[in-house]
Amino acid sequence: MKKIEAVIKPFKLDEVREALAEVGVTGLTVTEVKGFGRQKGHTELYRGAEYVVDFLPKVKIEVVVTDGMVEGVIDAMIKSARTGKIGDGKIFVAPVEQVVRIRTGEANEEAI
């Protein structure tokens, strides 16, 4: 099993969620986050004063899937989140040792 985390632009969330549903992802966690990468933030003008926005709003999506689903999930995320502009985001994949569904006690792949 793998945990896939994707940090994307907020307005792409619905497209990514729909793409994940099409490849068989049945559950996910979404968190509003702030950060920066190569963008290094940007400057904005407010009431005539220029100020720097260091941390940009992003959305983090987390899913846990079986090993066989990883490539399909990554492809779906890339295709649905890509705008072709800087700041599209990143995808991180990490191993998951154990999953337990609290309600039933089911473990690992049965709990996903």
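Ala-21 and Glu-22 are exposed (over 50% relative accessible area, with a 1.4 Å probe and protein chains only) and sit on the face of helix H1 turned away from its buried side. Helix H1 spans residues 13-22, and its buried residues are Val-16, Ala-19 and Leu-20, where buried means under 20% relative accessible area. Looking down the helix axis, these buried residues fall within an arc of 100 degrees (taken from the directions from the axis to the C-beta atoms), so they line one face of H1. Their cover includes strand E1 (2-8), strand E5 (56-65) and helix H2 (70-81). Just past H1, Gly-24 takes a positive phi of about 100 degrees.

All of this comes from a predicted model, in which local features need pLDDT of at least 70 and side-chain atom pairs count only at pLDDT 80 or more, while totals for chains, interfaces and linings use all residues. Residues are numbered from 1 along each chain as its sequence is written, and side-chain values use heavy atoms, with hydrogens and water left out.

Zooming out, the chain holds 2 helices and 6 strands (DSSP runs, H or I of at least four residues and E of at least two, numbered from the N terminus), in the order β-α-β-β-β-β-α-β. Its C-alpha atoms fill a box of roughly 60 × 25 × 20 Å along the principal axes. Buried residues account for 29% of the 112 residues. As for contacts (heavy atoms within 4.5 Å), 71% of those between residues at least 6 apart in sequence join residues at least 24 apart.
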